Structure formats: structure tokens, C-alpha cells
Amino acid sequence: MAVTFTCPASKLVFERSCFLHKNSRHVTNVLEHHFNYGVDILIPDCDSIPLHLTSLMVNSRFFLTERLPLAILIDKEFVEAFVKKGKLYMLSYGTAIDRDNCVAIVPPGILILNLTKDTYQELGLVGKPTVFQKKLPTKYVVEINLTEEYFTPGKNYYERVKWCLTDRLGLVFDFLVAWLPHEDQISQSSVPAYLCNKGFRSRAFKVSEEITFKKDVKYPVIDSNDFDGHGEGGNSDNDCPITSSTKYDEQKKGGTKSDGQLKSGDFLCSYTEFWEWLGAFTCGLDCDGSPDDFLSTFSCPDPVSISPSCCQCKYRGFILPGTINCLIESLRDYMKSSTSPWACVTVHGFTDSPVSWRRNEHGHHKGGENLYTFVLFPSEDYWLYMAVGTHDICPP
Amino acid sequence: MYRRIVSKGKAEYFYLHVTLEFEDFEDVPVDAIKFKTIIVDALQGLFGLAGASIPADILKFHQPKRSAVLRVPSSGFVKLWSSLTLLGTCMGRRCAFRVHQVTPHLMALSANSREWQL
């Protein structure tokens, strides 16, 4: 009898919409994904990437503050000057979400402590057990809204939190810091300058950049309306929102190439095949396998087109969601005047971030992926993939 | 106009980023075909001929580092991972497979924030 083992579950959300639609959630989806580690851009049929696209990314800065006590973050002076006067993003650096304490601040001023069981019990602040371990949880989540009126010195709750973070446990972390002030004339480096005055060293970093051009690239042909490869237009005439939920097995059974009624020439690459190919190309994998190859049977899905020059950009750092929104807006403008059939922007979240989208808890089970990909078409339509691992709540 | 499809549960494939390390010998020559043979032997050693028939594709192989990106159907994922973990010797030398990243989304392998050093 064959033995089968259960493998980790995964979630993939696919959306097809239009940037011009009044209910399109593309801006919200980007802004609600707080902690972004990497951005990959792929544009076929592109000889040179516009300078304003690249400068947008490389000009964004972030800071690493070393050995910062948590008590500083709830200091009223700090909250009034930075948390309430802009969008503050802070994420503990060098901490693993599945075995360490992780801390983050997300707009509009929510301090999130993702703590191990031992730390949680020693600290004495009220939180909730992780949603991913129903029995015997090993992680606990404490959320503190720094901007609430009752969170002021002199009030019981504030004094309790301050006592827990100073006298009971002096928790100290290295933090990645990025701040977007509401007022343009204030410098983004005010936060590290303030912390430096308090005696905590900060170092400034730029987002790293790597641009490559690849020649004669085979890429799959896709149609924004025909996302399932059936050739039936993907309900393009229907203006009503349609949502559906499927298991991966069901998708496979209803596979696009098993329908004998359609001619082979009618098939296009489906969104799942394109997603796998895009991942393979971005990772620099060999896509020329054949069905009887000993090493690999993976190949570029049919039908294919050949691009004389394909532009690939990789950015790594602590990247603000607002910067990614500007990038997508710039790419939309670029697509209007370009001959490229599509362009892709993939954003990777931090593996060890305590949240993925909104304030949805994020964990690490075998993998800690939380990423999304926009496929932009010249017609202003877009495909959006949102992928998360087992210890994650389904993206919004 | 708008369409949303949520796919949950078991993915069709899993992807692994692995490295083969030897205890004492850093310069053991291993090419892609030898690498695949080691993996098939590991599967056969633990699960017999049924294990050896699991189609593990080598999507990318970096010969100097002996690292590879593997693709395996999700039904064989746990068997492959356990076979790699329990492999102790190959070519008469003590060795170990180090699994860096595991994911059902191939795109996730292009970035690993855990290996990011500032």
C-alpha cells in the first residue's frame, strides 16, 4: 500500500481587474502590505529602462538602529514627534519569527509584539495566542495602539506597559526604520537623528539595485482577458464582481489543455502556468526541459514568443509601500507608450515580519513567504497574484 | 471585469533550494547528472523503487556550490525532503543536504530575507 504524507498547505489569490475601475483595490493592496524586502521588475521587449523608474527605487533610504530598548518606542516624546506625524515603519532585524521575539510598528502607530511563550509569561502584558497553533501555542501576540488617548503618561495602562518594558523585561532589538512624514519639509532622517541624541547608533542604507538585460528570451503569450487559457474571454463583459474559491486539485482536473472541444491554437498560457514560468525566469532557471529529459521536464508554457531584449531589475532593502505604489504608477505610464505586451512587478515581504497584509498575523511553517505580483497590460488591465504560506491568513 | 480566484490547500508542485555539503572534502566534483543520481539513490534507499520513481526535477544547478533548485509533485514532497535529510554518505564520503528554502510558490525562491546581511 502506498504511503502518503500530508504536505504544507499554501494559499494563492489571483485577481483580474482594471486600474481605471472605480472599485479597483490595487492601491490598498500595496499600502496594506507593510514590510517589503525585495522588488523584482520584468519587462519584455525593452531595450532601456526609464531613468525615473530606477531612481525612484534607489533614492529610497532606510536606517538600521542598533540595540534599541522597547521602552523608547512608547516614550510620549517619540510618539508625538514621529508616530503621530507620519507613517512610521519599524521591524526588528535579525529575529526569526518561528523561534524568537519579533517586534514591529505599522501605521497608524500600532506596536506589535510577537513573543515566545516564555517571554510572554515573564512580560505580563495581555495578548492573544497565535492563531496558527490552536493547541499548546508557543507564540503570543500583543498589540498596543500608541496613538490612543488613554495611552498617555499618568494613565494606568500606559504606566503598566512602561513598567513591563523597563522593570520586568528590558527587551532590546536591532530595528529597521523608515519614516514618511506627513509634511514634506521634514527630513526622513529625523528619526535616526532623534535616536542618536538618545545614544543609539543608526546607520543609513540605500536600496540595492541590479539591472540585467537578457537577449532572445522565450516568454509565454498571455491575454489579460483570457486568464484561464480557455479562450473564452474570462467574463470580460460582466461588470459584476465574481469571486470563487478552488482547491488546487480541482484546478488540475479542469485543466486548460484537457478540453477536447477547443482547437490547440486557441489555448493561451493560463495564469497558473504563467506564475510558475515567471518564478522560474526571475530565479534564473533553465526553462528548456523536454518531457523525457533526465534532469528536468520543466519548459516554457506554449504558445511562446521571443523577445530580442528583456529587462530585469532587482531591488533589495527595506522598501516602503508608498514607493512601490509610485513605481506601479510610473510603470502604468511607461506601458502606455511602450511596445511591451506586459510588465511584471513582484514584491517580496519579509519572511520574519509579524504581519503580512493589514494586521493579519504572519508566521513561518516550512516557509514564510508573503509576496504579490502585478502583471500590467497596456490596456490598463492587470493581474494580481498574492501568495502566502501555511502560517498566514488569506490575503484581503 | 473583476475576477478573484482563491486557491487553497495542496499545491501541484513544491520547490526546494538545497546544497550538498561534504564533511572533509570541499573539492568533490559533482555535475548535474551525478547530483540527480544521488537524489534518486537517496529516494530509493528510504522508500524503495516506488520512491525512486518520484519525478524530482533539477530546475537549476550551480556546480561550484553544488546547490540546486528542485521541483517535486506535492505528493512526493515529504518523501523527497526526508530522503535528503537522512542521506549520510554518497560516493563513499560523509555528506549532508542543507535545505535553505522550501515553498509551493517558485517565485518565493528569488528572494530570501533570512540571508540578508547589512
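How many helices and strands does the secondary structure of chain B come to? Here are some notes to read alongside the model.

1. **Chain B, the parts list.** The answer is 2 helices and 6 strands. Helices (H or I, at least four residues) and strands (E, at least two) are DSSP runs, numbered from the N terminus. The C-alpha trace of chain B spans about 60 × 45 × 20 Å along its principal axes.

2. **Before you go further.** This is a predicted model, where local features need pLDDT of at least 70, side-chain atom pairs count only at pLDDT 80 or more, and totals for chains, interfaces and linings use all residues. Residues are numbered from 1 along each chain as its sequence is written, chains are lettered from A and ligands numbered from 1 in the order in which they are written, and side-chain values use heavy atoms, with hydrogens and water left out.

3. pLDDT is the predictor's confidence in each residue, from 0 to 100. Chain A has a mean pLDDT of 87, with 89% of its residues at 70 or more. In residues 233-242 of chain A, though, the pLDDT is below 50, and that stretch has 17 contacts (heavy atoms within 4.5 Å) beyond near neighbours in sequence. Residues 252-264 of chain A also stay under 50, with 14 contacts beyond four places in sequence in the model. Where pLDDT is low, the predicted coordinates should not be read in detail.

4. **The sheet in chain B.** Five strands make an open sheet in the order E3-E4-E2-E6-E5 (chain B), and the pairing is antiparallel. Strands E3 (57-62) and E5 (89-90) of chain B sit at the edges with a single partner strand each, so one side of each has no neighbour in the sheet. Two strands count as paired if DSSP finds at least two bridges between them. Strand E2 (residues 13-22) and strand E4 (residues 67-73) of chain B are antiparallel and joined by 7 bridges. Look for His17(B), whose bridge partner in E4(B) is Val69(B).

5. **The sheet in chain A.** Here 8 strands form an open sheet, ordered E7-E8-E6-E5-E4-E9-E3-E10 (chain A), again with antiparallel pairing. The edges are strand E7 (128-129) and strand E10 (202-206) of chain A; each has a single partner strand, so one side is left without a neighbour in the sheet. Inside chain A, 7 bridges link strand E6 (residues 110-116) with strand E8 (residues 139-145), and Thr116(A) stands opposite Lys139(A) in E8(A).

6. **Where the chains meet.** Chain A puts 82 residues into the contact and chain B puts in 48. Together they bury about 5600 Å², 59% of it on carbon and sulfur atoms; buried area is the accessible area (1.4 Å probe) that two parts lose on being put together, summed over both. Phe5(A), Phe294(A) and Leu295(A) supply 11% of what chain A buries against chain B, more than any other three residues.

7. **Bonds and strands across the interface.** The rule finds 4 salt bridges (a side-chain nitrogen of Lys or Arg within 4 Å of a carboxyl oxygen of Asp or Glu) between the chains. Arg4(B) makes a salt bridge with Glu15(A), their closest N and O atoms being 2.6 Å apart. Strand E1 (residues 10-18) of chain A gives the most to the side of chain A that touches chain B, with 9 residues. E1(A) is also joined by 7 bridges to strand E1 (residues 3-9) of chain B, running antiparallel, and Arg16(A) stands opposite Arg3(B) in E1(B).
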